[in-house]
Structure formats: structure tokens, C-alpha cells
Amino acid sequence: QVQLVESGGGLVQAGGSLNVSCAASGTIFDFNVMSWYRQAPGKQRDMVATIAKNGATFYDDSVKGRFTISSDSVKHTVHLQMNTLKPEDTAVYFCYIAAQTKIGDPMRIYWGQGTQVTVSS
């Protein structure tokens, strides 16, 4: 079983910065991607940023140029540096990994419990 634990959320004023981190524990034989999603109250959970095992990154248009995703593929940690935060970035941020726990098993999706990010105007 894989467990993801996020940390680093909090309250910040608009224009400020936050860094959220996620650490995966358990047996990970291989993985495809690690991502950050977010969910605001009453809205669906949307992808914010993704980093593939080969280092390729993808961002939602709303955060391009402001957020940076990085990871340590050996330690299975992923970070999201968020700059120039806006009130509309307020949401619960969830960590995601598509991982294989042993050879021959399919990739499975695992989610963290989420960390609250609140941006005040």
C-alpha cells in the first residue's frame, strides 16, 4: 500500500508564496507521474501540475508562470512552489501518484489527504 502525506499549506496574502510538499511511503516499485490537484468548495477536483518520471512537467493554464512542480524520483517526493498567489488559488491541494507496488502489478492511483491553501485578498 502507498500512502501520501502532504504538508506546507496555510494562509497567505494575495501576491505571496507558499510551498506544499508530498511524501510517498510504502513499497513503490515504479511510478509514472506525480501530480498536484486542487478542489475549491463546491467545485470539482482539477489538475494543477504534473511531473512525469522523465521530468516532463505540465501545468494548468491558470498557474503557468506562477507555480513550479519538482520531485525527487528516488525518494518519491513532490513539491509545488506557488508564487504570486491569488484568492482564486484557495482550495484543498491533493497529492497524487500513479504507482506500481510490485513487478507485474498494474499502475494504481493513490491520493493524499489534502492540505488547505487559503489566499486572502
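A salt bridge is taken here as a side-chain nitrogen of Lys or Arg within 4 Å of a carboxyl oxygen of Asp or Glu. Applied to this predicted model, the rule gives a count of five salt bridges. Three residues, Arg38, Arg66 and Asp89, are joined by such contacts into a network.

A second contact to look at pairs Asp30 with Lys53, where the closest N and O atoms are 2.6 Å apart. Here Asp30 is part of strand E4 (residues 30-39) and Lys53 is in the loop between strand E5 (46-52) and strand E6 (57-59), so the bridge ties together parts that lie 23 residues apart in sequence. Asp30 is partly exposed, at 21% relative accessibility; because buried means under 20% relative accessible area, Asp30 does not count as buried. Lys53 is likewise partly exposed, with a relative accessible area of 47%.

The salt bridge between Lys64 and Asp61 spans 3.0 Å from N to O. Lys64 has 49% relative accessibility and counts as partly exposed. Asp61, in turn, is exposed, its relative accessible area being 62%; the cut-off for that class is over 50%.

Conventions:
Residues are numbered from 1 along each chain as its sequence is written. This is a predicted model: local features need pLDDT of at least 70, side-chain atom pairs count only at pLDDT 80 or more; totals for chains, interfaces and linings use all residues. Side-chain values use heavy atoms; hydrogens and water are left out. Helices (H or I, at least four residues) and strands (E, at least two) are DSSP runs, numbered from the N terminus. Buried means under 20% relative accessible area, exposed over 50%, partly exposed in between (1.4 Å probe, protein chains only).
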